[in-house]
Amino acid sequence: MEKSDSIKSLAIAMCKAQSEMGGAHKGANNPFFKSKYADLGSVIEVVKEPFANNGLSYVQFPINKGQYATILPYKDARVDINRLNRVCTPLGWKREHVNNNHNCIVSLWDEQNEHWVSKEDTGTESNTEAAKGLASDSFKRACFNWGIGIELYDYPDISVRLNDDEVNM
């Protein structure tokens, strides 16, 4: 697996998102320590908008019968489009879907040699919108070949213990 040399762009997005966040509401009771804490629903409510504003999102996956959730970093195709537009300008890159959207080719214009340089990858269908998910996934994978989003693989594993009432949220 390829990893980035730094998590600079991820760290910047996380810092910006954190600066927009307020505190989570501490509405749940901890009977052992006789204190209140912020449950997962309260934390999600606080991070949802700041993450979206900065090209970040989260995914919650229960991982075992011990009622733990794993929080994973995620980006959608708009993050890749914004980065390509910012770095290459809108006219300095292009995408092409081939093989019934299974593959996407992302090309960058090489001004010095006056030709397109391309990288291609394949995607998988999503469970909700098969065709759109396939095109989006192949695009994000092709962008990964250019190094976009590679820092997400350096993100630490985060597991959170869920309360009984949070397991089926």
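A residue is called buried when its relative accessible area is under 20%, exposed when that area is over 50%, and partly exposed in between. With this scale in hand, one can read the structure shown above, which is a predicted model, beginning with Trp109, whose relative accessible area of 37% makes this residue partly exposed.

## Aromatic rings and charges

Searching the whole structure gives 2 aromatic pairs. In the pair formed by Trp109 and Trp116, the ring centres are 5.2 Å apart and the planes meet at 70°, so the arrangement is edge-to-face, given that planes over 60 degrees apart count as edge-to-face.

| Charged residue | Ring | Distance from the ring centre |
|---|---|---|
| Arg95 | over the face of Phe139 | 3.9 Å |
| Lys119 | over the face of Trp146 | 4.7 Å |

## The sheet and its helices

An open sheet is built from 3 strands, which follow the order β5-β6-β7 and pair in an antiparallel way. The strands β5 (93-98) and β7 (115-122) stand at the edges, and because each has a single partner strand, one side of each is left without a neighbour in the sheet. From one strand to the next, the twist averages 25°.

Looking at one pairing in detail, β5 and β6 (residues 103-110) run antiparallel and are joined by 6 bridges. Arg95, the residue that lies over the face of Phe139, stands opposite Val106 in β6.

Helices also lie across these strands. Helix α3 (residues 77-88) lies across β5 and β6 and runs at about 140° to β5, while helix α4 (residues 130-145) lies across β5, β6 and β7 and runs at about 125° to β7.

A disulfide is a covalent bond between the sulfur atoms of two cysteines. How many disulfides does a search of the whole structure find? The search finds 0 disulfides. For Cys143, the closest cysteine sulfur is that of Cys104, and because the two sulfurs are 6.8 Å apart, they are too far for a bond; a disulfide would need the sulfur atoms within 2.5 Å. Cys143 has 0% relative accessibility and therefore counts as buried, whereas Cys15, at 52% relative accessibility, counts as exposed.

Methods:
Residues are numbered from 1 along each chain as its sequence is written. This is a predicted model: local features need pLDDT of at least 70, side-chain atom pairs count only at pLDDT 80 or more; totals for chains, interfaces and linings use all residues. Side-chain values use heavy atoms; hydrogens and water are left out. Rings of Phe, Tyr and Trp (its six-membered ring) pair if their centres lie within 6.5 Å; planes under 30 degrees apart count as stacked, over 60 as edge-to-face and the rest as tilted. Buried means under 20% relative accessible area, exposed over 50%, partly exposed in between (1.4 Å probe, protein chains only). A charge sits over a ring if NZ of Lys or CZ of Arg is within 6 Å of the ring centre and within 35 degrees of the ring normal. Two strands pair if DSSP finds at least two bridges between them. Helices (H or I, at least four residues) and strands (E, at least two) are DSSP runs, numbered from the N terminus. Axes are lines fitted to C-alpha atoms, for helices over the stretch in contact, and angles run from 0 to 180 degrees between N-to-C directions. Contact means heavy atoms within 4.5 Å.
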